[in-house]
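Dear colleague,

I am passing on the structure below, and I would be glad if you could read it alongside the notes that follow. Please keep the coordinates open as you go through them.

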Amino acid sequence: MGELTTNDGTQLVYRDSGGEGVPLVMLHGWGQTQEMFRYQLSGLSPARRVVTLDLRGHGLSGKPHHGYRIARLARDVLELVDHLGLDRFDALGWSMGVSVWWSFMDQYGTGRIRRFVAVDQPAAVAAVPWMTAEEQQDSGAIFDVTGVMELGAALAGPDGEKTRHDFVRGMFSGDTDPEVLAFVAEQITATPAHAAVPLLFDHCAQDWRDVLPRIDVPTLVIGCDGSHVNPASQRFIAEQIPGARLHVFPTDVASSHFPFLENPAAFNAVVDKFLAEEA
């Protein structure tokens, strides 16, 4: 466990497995924590150095009343890799963590990234009125603008705890492992409304489709048939990123937005195979 303080005074908590080889920096999604990757720290780190981070407002990291924008989170990640002296690393993002990496690449380029893994994140979370029906489908939009506003209001309201739980439950389909669901539901309680709501709004307002064709590093896009994120949106992303590959887990392997928790062995095998290839 390590800590660093960002240039705006926010304390971030990270884990670094140490070891040799190209480091893998893993970013979690909205409302969750680096504990999402507990099976990757143990399952991937024997062969490589794995770094995970509690993004600001999440987990054990500081929860200031400022900075809840994807661009600021990307700056935090830049400060982390600088702090660790990582000149060359592999990048994995899941859910909103993918958006943070897209913002990182958009602002700072891909020169330090060897390989990139994008797990189950739409190119745009909210469907805006100027998108065509086809664009809304390709983007993988989960909400319309009204839906985003209503969810934010509910999260900030007196029934915020129930709203959080219902939101998490909606990310699973089929026969959900109660222990996995309980773990995810518990982790999200670490993010207070003053952090969760503005960050959700900013996250949903982003449209990354123009970034995708400019990603020039080997990329693996991972989806899941049982996720609330439509696998067709992951196929669209893989088609937009030059040379990208796509892997979609069928429901008999994992049936949620959390394949790395549901079936760590299958998830780790796919990621490990991709990262083991030469750049």
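**The sheet and its helices**

In this predicted model, 8 strands form an open sheet with mixed pairing, in the order β1-β2-β4-β3-β5-β6-β9-β10. The edges are taken by β1 (2-5) and β10 (245-249), each of which has a single partner strand, so that one side of each is left without a neighbour in the sheet. From one strand to the next, the twist averages 20°. Within the sheet, strand β2 (residues 11-16) and strand β4 (residues 50-54) run antiparallel and are joined by 4 bridges; Val13, for instance, has Asp54 in β4 as its bridge partner.

Two helices may be described together with the sheet. Helix α9 packs on the sheet, where it touches β9 (219-224) and β10, and its direction makes about 170° with that of β9. Helix α11 (residues 264-276) lies across β3, β5, β6, β9 and β10, and runs at about 155° to β6.

**Helix α3**

Helix α3 has 13 residues, covering 96-108, and reaches 18 Å from its first C-alpha to its last, which is close to the 18 Å expected at 1.5 Å a residue. This helix is mostly covered, with 10 of its 13 residues buried, and the buried ones are Met96, Gly97, Val98, Ser99, Val100, Trp101, Trp102, Ser103, Phe104 and Met105. What covers these buried residues includes the strands β3 (24-27), β5 (89-94) and β6 (113-119), together with the helices α2 (70-83), α8 (193-205) and α9 (231-240). Just after α3, Gly109 takes a positive phi of about 85°.

**The contact of α5 with α6**

The axes of helix α5 (residues 145-156) and helix α6 (residues 160-169) come within 6 Å and cross at roughly 130°. On the α5 side the contact is made by Leu151, Ala154 and Leu155, which meet Gly160, Thr163, Arg164 and Phe167 in α6. Sorted by class, the residues of this contact are 4 nonpolar, 2 polar and 1 charged.

With best regards

Definitions and conventions
Residues numbered from 1 in each chain as written. Predicted model: local features only at pLDDT ≥ 70, side-chain atom pairs only at ≥ 80, totals over all residues. Heavy atoms only, no water. Expected span 1.5 Å × (residues − 1). Buried < 20%, exposed > 50% of the residue type's maximum accessible area, 1.4 Å probe, protein only. Contact = heavy atoms within 4.5 Å. Pairing = 2+ DSSP bridges. Axes fitted to C-alpha atoms, helices over the stretch in contact; angles between N-to-C directions. Nonpolar A, V, L, I, M, F, W, Y, C, P; charged D, E, K, R; others polar.
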